[in-house]
Amino acid sequence: MRIRLSRTLTVAVAVLAAVAALPVSAATADVPEPVPHTAPAADHATYIVTVREEVDPASVAERVDATPVHVYRSVLHGFSARLSPAQVEALREMQDVESVEEDGRAIGSGTGF
């Protein structure tokens, strides 16, 4: 039992020493730079973004660092999210985006069906 534990400790110490000896640049060479997350302020309006049918709505939101409140895939194909003015502008310039509209109440003008 002691021989097995001794060998395990020896191997563990050797592995740790090898990892500790790696240069920092080698250890982090494949790690991408973190993307700064700038969440829109609570006072930013909520928008409904409609995207083309063949495009994943969540991936469009991800491209502008938006956190969707809802992702729609049935009647409407898109997402809703609180967006900063810069995010709204970026979305409006994307070819995959069909519309960007501020969310609000719908008021009917008829008397019904």
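In this predicted model, strand β1 (residues 46-51) pairs with strand β3 (residues 77-82) in the antiparallel sense, over 5 bridges. Strands (E, at least two residues) and helices (H or I, at least four) are DSSP runs, numbered from the N terminus. Pairing requires at least two DSSP bridges between two strands. Within this pair, valine 49 stands opposite phenylalanine 79 in β3.

Residues are numbered from 1 along each chain as its sequence is written. Local features need pLDDT of at least 70, side-chain atom pairs count only at pLDDT 80 or more, totals for chains, interfaces and linings use all residues, and side-chain values use heavy atoms, with hydrogens and water left out.

The sheet is open and has 4 strands, in the order β2-β3-β1-β4, with antiparallel pairing. Its edge strands are β2 (70-73) and β4 (97-102), each pairing on one side only. From one strand to the next, the twist averages 15°. Helix α4 (residues 85-92) lies across β1, β3 and β4 and runs at about 150° to β4. Axes are lines fitted to C-alpha atoms, for helices over the stretch in contact; angles run from 0 to 180 degrees between N-to-C directions.

The largest nonpolar core has 16 residues. Such a core is a set of buried Ala, Val, Leu, Ile, Met, Phe, Trp, Tyr and Cys residues joined through side-chain atoms within 4.5 Å; buried means under 20% relative accessible area (1.4 Å probe, protein chains only). Val49, Phe79 and Leu91 are among the residues with the most contacts inside this core. Two or more residues come from each of β1, α3 (57-63), β3, α4 and β4. Strand β1 gives the most, with 3 residues.

Valine 49 touches residues including Phe79, Leu83, Leu91, Val97 and Val100, not counting residues up to four places away in sequence. Contact means heavy atoms within 4.5 Å.

Technical notes. Buried < 20%, exposed > 50% of the residue type's maximum accessible area, 1.4 Å probe, protein only.
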